[in-house]
2 protein chains.
Amino acid sequence: MNIGTASEQSQLPVKTIRYYEDIGLVRPLRSDNGYRDFSETDLQRLKFLQRSRSLGFSIEECRELLSLYEDGDRASADVKAITQSKIREVDRKISELQSLKKVLTTLSDACHGDDRPTCPIIDDLAGEADR
Amino acid sequence: MNIGTASEQSQLPVKTIRYYEDIGLVRPLRSDNGYRDFSETDLQRLKFLQRSRSLGFSIEECRELLSLYEDGDRASADVKAITQSKIREVDRKISELQSLKKVLTTLSDACHGDDRPTCPIIDDLAGEADR
DNA sequence: TTAAAGCTTCCAGTCACTGGAAGGTCAAGA
DNA sequence: TCTTGACCTTCCAGTGACTGGAAGCTTTAA
């Protein structure tokens with residue numbers, strides 16, 4: 001199938017698919033006219049990539065997961081390990097954002113937000129607040 | 001003061017300060033030897049940038065905040081509006097990450113993680129699971 | 001026949017830096 | 001005086017994961 005069809009089926013933009021070929025994540029054959037010709041297996045890989053990217057795995061993690069996917073003998077523990085380290089990463093990000101939100105909310109609440117120039121947010125950014 | 005001192009005082013890497021000059025966030029004078037010469041005002045800007053970047057404002061938001069910072073007449077409402085939209089953005093990211101974590105945790109829990117090859121995580125990524 | 005849609009490659013841009021090379025300047029010590 | 005090392009300069013390239021656009025093929029439908 002052509003790249004347009006593969007794009008539709010995998011829910012990945014055409015540009016992204018070409019990029020994935022560039023970095024060796026998929027290797028479609030070429031038709032006589034030079035067009036990429038995606039097999040069912042290629043499509044499976046693309047769908048796999050779409051799903052794993054949308055779950056927040058990096059390209060390199062996806063590459064690793066793909067090779068585990070295609071190695072019928074690998075231990076499920078290997079896959080679980082990657083997933084759990086990703087969960088820890090997500091957790092770290094969540095708590096970072098939560099403390100960020102806390103600071104921003106405190107600042108925002110302290111600012112009366114009218115048309116006068118006095119502003120505790122700016123004062124804090126400028127390092128002039130009591131903290 | 002030289003860039004090294006400015007870097008220490010502002011807690012910004014030397015490279016980052018040069019980059020900020022490149023994009024017009026700070027405009028230090030030059031000494032006769034060609035070295036950048038940072039004034040106290042320049043240092044204030046750098047500290048302001050360090051703090052606002054660390055609170056998750058983008059460079060363009062920082063640029064806007066800086067100009068509000070230096071406009072003694074601006075309304076505090078303007079600053080508060082930027083801060084609140086940033087809070088909403090942080091909120092969106094948090095809930096995205098939370099639902100991501102949910103999916104990953106469900107997948108991880110379903111995988112027994114031993115040396116056998118059967119793995120519900122991979123099955124899900126491949127789109128072979130019941131969902 | 002022709003127009004539009006779809007395909008190709010290649011180059012550049014995004015964001016916010018970061019690394020490294022090649023070279024100039026300055027201060028301290030032998 | 002010389003040298004060493006720290007510090008400074010510019011410029012170019014790379015990061016991650018695409019995305020946009022130009023120029024030019026091929027295919028399909030009217």
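In α1(A), the residues A:I3, A:G4, A:A6, A:S7 and A:S10 meet A:V14, A:I17 and A:R18 of α2(A), a contact being heavy atoms within 4.5 Å. By type, that contact splits into four nonpolar, three polar and one charged; here Gly counts as polar, and Asp, Glu, Lys and Arg as charged. The helices are DSSP runs (H or I, at least four residues), numbered from the N terminus.

A word on ground rules. This is a predicted model, with local features needing pLDDT of at least 70 and side-chain atom pairs pLDDT 80 or more, while totals for chains, interfaces and linings use all residues. Residues are numbered from 1 along each chain, chains are lettered from A, and side-chain values use heavy atoms.

Back to the helix pair: α1 (residues 3-10) and α2 (residues 14-22) of chain A pack at about 105°, axes 9 Å apart. Since 65 to 115 degrees counts as roughly perpendicular, α1(A) and α2(A) are therefore roughly perpendicular to each other. The axes are lines fitted to C-alpha atoms over the stretch in contact, with angles taken from 0 to 180 degrees between N-to-C directions.

Now for the partner chain. 53 residues of chain A touch 53 residues of chain B. The rule finds four salt bridges across this interface, meaning a side-chain nitrogen of Lys or Arg within 4 Å of a carboxyl oxygen of Asp or Glu. A:D124 and B:R51 form a salt bridge at 2.8 Å, N to O. On the side of chain A that touches chain B, α3 (40-54), α4 (59-70), α5 (76-110) and α6 (120-125) each supply at least two residues. α5(A) gives the most, with 21 residues.

How values were computed
Angles under 35 degrees count as roughly parallel, over 145 as roughly antiparallel, 65 to 115 as roughly perpendicular and the rest as oblique.
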